[in-house]
Amino acid sequence: MNSSEQNSLLDRYRQLAEMSRDLASTLDLNDLLNRIVHLACALSQSEAASILLFDEPKNQLYFQAATNLDEPLMRGLIVPVENSIAGWIVRHRKPLIIQDAQRDERHFNEIQKITKYKTESLLGVPLITKGKVIGVLEALNKHTGHFTLLDQELLIALGAQAAVAIENTRLFQQSDLIAELVHELRTPLTSLNNAARLILIDDLPAEKRKEMTELITIESSRLDELASTYLDFARLESGRVQFISEKFDLAELIYECTEILSSKVTDKNLKLTIQLSGELPPITADRDKVKQVILNLLDNAVKYNHPGGQIIISAKIRAKSLILRVFDSGYGIPSGDMNWLFKKFFRSKSSQHLIPGTGLGLAICKSIVESHRGHIRVRSRLGKGSIFTVSLPLKPGENL
Ligand SMILES: Nc1ncnc2c1ncn2[C@@H]1O[C@H](COP(=O)(O)OP(=O)(O)O)[C@@H](O)[C@H]1O
Ligand SMILES: [Mg+2]
């Protein structure tokens with residue numbers, strides 16, 4: 001190596017050190033992965049970079065971040081471990097340089113078909129932490145010339161730091177959720193404990209005993225709900241949820257959801273109307289997840305409504321999107337709360353103590369809708385009611 005090469009090497013190591021200091025400053029997984037791919041791209045002087053995470057139980061890799069591509073389209077795309085370059089890197093736990101990916105028999109062509117991005121040269125390194133492979137970092141299409149061993153060294157160094165940062169973020173997210181979960185579990189556990197003690201009193205009036213038994217039933221089902229909601233959210237937040245696309249009839253799903261909530265609607269004497277404009281074409285999305293969105297929105301429309309109030313759920317196709325609306329004539333939302341509504345654990349002060357909830361429903365909705373490349377919005381007038389609008393882009397061929 002001559003002295004100018006040595007200088008350039010030093011420069012790039014300095015660049016790596018400076019940039020990767022930045023990695024420790026975020027605890028948001030997607031933000032972190034984005035920073036890593038941009039660093040990888042700059043450092044390896046290549047056109048693009050991406051991260052695939054490894055799901056060990058399922059023995060699959062899936063895309064989680066990329067610099068150049070339509071991310072929502074790519075996120076969650078599955079790459080098989082057996083038949084791909086990234087899979088080779090995971091199985092061999094070794095870096096790999098490929099000068100012509102098109103001619104490499106390990107190249108997994110399906111991704112190229114979906115993303116329309118052509119990989120020519122490729123440099124990939126395994127992301128390893130605590131002896132476990134958690135994913136693969138790939139740099140694609142070197143700007144000039146070939147990927148070198150120096151590029152490889154730099155990417156290995158970045159990969160080592162990135163793996164630790166990813167693991168830390170995941171641990172932080174988990175501990176954050178656990179802390180909140182424990183906090184949320186306290187109140188129902190205390191009332192369960194009190195009720196159980198009361199029941200044990202021999203001469204407790206039968207009426208009181210019945211009341212306590214009912215309370216135990218209600219509180220334990222609330223605990224159950226809390227636990228499963230937290231799990232759903234934790235999974236979504238960790239980016240480890242895969243979305244399954246299927247074709248289904250939305251009208252049918254809406255009826256199914258209203259059926260599930262019908263006893264709550266009747267109990268509160270609410271009037272629920274379904275408005276479907278024209279024939280809805282079958283839509284392609286993750287049915288269970290869309291169901292979760294509809295159920296959450298309807299559940300809120302019931303909970304934050306006055307007895308005898310109104311709920312309207314409507315669906316229509318506009319331009320290339322499906323528009324789903326849930327209107328309620330309930331309490332409405334204070335304007336100061338509007339920006340917080342979709343953040344995890346947020347609950348309006350006004351309803352917090354009177355109405356049970358986790359503050360996760362809308363955060364879950366937002367995460368699911370955005371994973372489908374859609375939007376969720378709300379309009380509301382305090383004391384009058386609210387409208388939540390979800391728009392989901394239709395897939396090609398669906399728009400009538
Ligand atoms: N339809 C609605 N009308 C009035 N307030 C609502 C409505 N939907 C949601 N909110 C407010 O937003 C907060 C967050 O909703 P959500 O995430 O579903 O959590 P949860 O219902 O468990 O409290 C609620 O606590 C409530 O204050
Ligand atoms: Mg809710």
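User: Why are helices H1 and H6 called roughly parallel to each other?

Analyst: The axes of H1 (residues 3-21) and H6 (residues 149-199) cross at roughly 15°. Angles under 35 degrees count as roughly parallel, over 145 as roughly antiparallel, 65 to 115 as roughly perpendicular and the rest as oblique, and H1 and H6 are therefore roughly parallel. The two axes come within 11 Å; axes are lines fitted to C-alpha atoms, for helices over the stretch in contact, and angles run from 0 to 180 degrees between N-to-C directions. The helices themselves are DSSP runs (H or I, at least four residues), numbered from the N terminus.

The model is predicted: local features need pLDDT of at least 70, side-chain atom pairs count only at pLDDT 80 or more, and totals for chains, interfaces and linings use all residues. Residues are numbered from 1 along each chain as its sequence is written, chains are lettered from A and ligands numbered from 1 in the order in which they are written, and side-chain values use heavy atoms, with hydrogens and water left out.

User: What makes up the contact of H1 with H6, by class?

Analyst: Leu9, Arg12, Tyr13, Leu16 and Ser20 in H1 meet Leu150, Asp151, Glu153, Leu154, Ala157, Leu158 and Gln161 in H6, where contact means heavy atoms within 4.5 Å. By class, this contact has seven nonpolar, two polar and three charged residues. Ala, Val, Leu, Ile, Met, Phe, Trp, Tyr, Cys and Pro count as nonpolar, Asp, Glu, Lys and Arg as charged, and the others, Gly among them, as polar.

User: Why is H8 called oblique to H10?

Analyst: The axes of H8 (residues 250-260) and H10 (residues 287-303) come within 10 Å and cross at roughly 45°. That makes H8 oblique to H10. H8 passes H10 in a right-handed crossing, a term for the near helix being turned clockwise from the far one by less than a right angle, whereas anticlockwise is left-handed.

User: What is the handedness of the crossing of H7 with H12?

Analyst: The crossing is left-handed. Thr229, Asp232, Phe233 and Leu236 in H7 meet Ala363, Ile364, Ser367 and Ile368 in H12.

User: How do you know that Asn300 makes a polar contact with ligand 1?

Analyst: A polar side-chain atom of Asn300 lies 2.9 Å from an oxygen atom of ligand 1, and a polar contact is a pair of N or O atoms within 3.5 Å. The backbone of Gly359 also has a polar atom 2.9 Å from a ligand 1 oxygen, and for a backbone N or O atom of Gly361 the distance is 3.2 Å.

Note on methods
Helix = DSSP H or I, 4+ residues; strand = E, 2+ residues; numbered from the N terminus. Polar contact = N/O pair within 3.5 Å; in protein donor to acceptor, adjacent residues only side chain to side chain.
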